[in-house]
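User: Please take a close look at one part of this model, the surroundings of the ligand.

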Amino acid sequence: MVEQTISEYDFLNMIKDSDIVKSVTREEPILFSDKVTKKNHFGFNQERTLIITNKAVYNLKKKELKRRILLNVIRGVTISTLNDEFIIHCNDIEYDYQFFSKRKKIIIEIIAKYYYIETQQELKLFLLALKSLDTFVTTKKEKKKNMNFSRMPRNGLTSISAYIYGTTSQKLVQQKEATVKKIGKIFSNTNVDNTNFTKLKTIGRGKCGKIILVTYNKTGDSYAIKSIRKDQIVSEDILDNIKLEREILSEGQCEFLLSLSFFYQSPERIYFVTPFIPGGDLYTLLKKKGHLEEDLVRFYTGQIAIAIGHLHEFGIAYRDLKPENILIDEDGYLKLCDFGSSIHMQGTRKEFSFAGSIEYASPEMISGAGHNIMTDWWSFGILLFELLYGSLPFYSLNKKRLFELIMMSEIKFPKFYVNENEECINFKVSDEAKDLILKLLEKEPGERIGKKGLNDIKTHPFFGSLKFDDLKNKKLQSPYKPNVSDEEKFNNFDQEFLDMDVNESKVDEWVNDYKDWFNDFDKNNGEEQEDEDY
Ligand SMILES: Nc1ncnc2c1ncn2[C@@H]1O[C@H](COP(=O)(O)OP(=O)(O)OP(=O)(O)O)[C@@H](O)[C@H]1O
Ligand SMILES: [Mg+2]
C-alpha cells in the first residue's frame, strides 16, 4: 500500500480510518474529505461524505460507498455564485451529481488540479448567478433514456484559472468582461496581422506564449513576435502589466531597451513585434562559456545599469533582471527585453506583489516587507555575480531553503572553477568587482548602493575604467561579438526552443464568446471611447 501523506483538507481525518483506506480509496492518497449535502433526483437533501483522491471522487453514505466517479469522466462543473451549490457533470455513461458544501471552492480546485494532471485539459467551469441549479442537472433516468443527453451549460463564463485566482462572485464575471473589453480597445488599430509575417522558428518561450522568429513579407526583414494569450491576460489579471510592457517597448529612448516595431491582435492573442536580436540571450551565452571575463562583464553590466537607471527615472521598477531577459545584438551590444513584470511605482508607495524569479528576488520582495525600485539593484548584484562566476550566490532547489539563504546568508565568492579539461583554474575577479557585489547584495534596501540613483553605481571603482558616455553612444568595441551569419545564427538559441512547433496552441474557448466586442473595437480603429461603467 502507498504511504498516505496527510492533506490539510482531509477534514474528517479519513487517513486514520483504516477501513476506508483499505477498502474504498485503496492505493489513492486522500486529498479531501468532508460532509456535504447531496440533492437527489426527487429533490431531497441527503447527508453524505465526499472523498477526493488523485483519481476519483467518492460519495459515501456513512461508510458505505455509493459511487466512485473517475476524474476523467467529469465533463465540467457548474457553480452557483449565490450559494453553496455546485454540480459535477459527467460523460455519456454517468449521470450528474448535485452537491452543497461550504468548502466548494476547495473541492473544485482539487478536482480541477487533478483533472488537469489526469487529462492534460482544463476543467470546464460554469459560474451562474442562480439560487438553484436544478435545471442543469442531468439525472440517472434521463441518461438511461438517452446517453448523449446533457443539461450541462454550453457557454462557460470562466476558465479554471479565473476561478482559482479570483473569487466566485458575480463581480468577478463582470470585471472579467470589462477587462476583455479593455484589451480590445488598447490593442486594436494596427495595420499588420499574422498574414504579413512568415514564421521561421521558435526562439523562446515564456509564461504566456512562444517567441517566434519571422520575416516581414513586405521587406524581408527579420523580427521576433511575442504572442500573449488573452485568456491568460484576463485570468491572471495582468492587463496593466501588458499595457506597461507596450508603453516601455514603444518609448524607444534608451539604446539598451528592446523597442516595439508593430503590435496587433487576433481574437485570441496580443502580438508584440520587435526587431530580431540575433546574438541570443546572456543565459545561452553563459551556458556555453561557463562564466565571462571581467572586461566583458563590465561592458555588459554598464549597459544594463544604464537601462535600469533609465526605467527608474520614469518611476518604473523592472523586476525581472536575469540573463534570459538580456539579448545580444550583432555588434555585441545588449538589449534588455521582457517588461512583463515591470511596474510603475507610485510616489514613495511600496509594492507588495511578487514578480520575476526567486533566485534574483530581493529580501524585501520575498519577505513581503514591500519593495521599490531598489529591488532592481539587488537583482543587478545577483546578475553581476552570476556573469563573473557562472553560478548564483544563493541557490537551492528547495524553495524554503532558497528563501532562507537570500534572507540570511552571507556571500561566498568561489575561488576556482573546473574547466573542460578537468583542471582547477582560479577565478580572476578583482576586489572592486567583489566590493560592488557586496554593496549591491546588501539585504537592507535603504543601505544598498543605488539608493542615490544610477550615479551611485556608475561611480563605483568597478566601473572606473568604463567610459559611460562612449558606451551610451556605442563608440566602444564589444569584447565579444556573436556569430550571426545565416548558417550560425541559430546556434545562439537554445535547441529546446528551435525544436518547438511554430504553430499556436489552442486558447481557452470562452475568449471566442467575446469576439464581437473585439470586432467592434477594430471597426472604431482604436479611437478612444468612454469606458462603460461596470
Ligand atoms: N526580439 C528578440 N530577438 C531575439 N530573441 C528574443 C527577442 N525577444 C525575445 N527573445 C527570446 O525569447 C525569450 C523570451 O522572451 P521574453 O523574455 O520577452 O518572454 P517571456 O519570458 O515569456 O516574458 P514574460 O515573462 O512576460 O512571460 C528571451 O529570453 C529571448 O531569448
Ligand atoms: Mg523573459
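How many nonpolar, polar and charged residues does the shell around ligand 1 have?

Analyst: The shell around ligand 1 has 9 nonpolar, 5 polar and 5 charged residues. Here Ala, Val, Leu, Ile, Met, Phe, Trp, Tyr, Cys and Pro count as nonpolar, Asp, Glu, Lys and Arg as charged, and the others, Gly among them, as polar.

First, the ground rules. This is a predicted model, in which local features need pLDDT of at least 70, side-chain atom pairs count only at pLDDT 80 or more, and totals for chains, interfaces and linings use all residues. Residues are numbered from 1 along each chain as its sequence is written, while chains are lettered from A and ligands numbered from 1 in the order in which they are written.

Now the shell itself. Ligand 1 is surrounded by 19 residues (C-beta atom, placed from the backbone, within 6 Å). The closest are Gly204, Gly206, Ala224, Asp338 and Gly340. Two strands, β9 (197–206) and β11 (222–229), each supply at least two residues. Strands are DSSP runs of E, at least two residues long, numbered from the N terminus. β9 gives the most, with 3 residues.

Domain 2 (185–277 + 497–530) and domain 3 (282–481) each provide at least three residues. Those bounds come from an automatic or database domain assignment.

Then confidence. The protein averages a pLDDT of 84 (the predictor's confidence in each residue, from 0 to 100). 87% of the residues score at least 70. Residues 514–534 fall below 50. Residues 157–173 stay under 50 as well. Where pLDDT is low, the predicted coordinates should not be read in detail.

Definitions and conventions:
Helix = DSSP H or I, 4+ residues; strand = E, 2+ residues; numbered from the N terminus. Contact = placed C-beta atoms within 7 Å.
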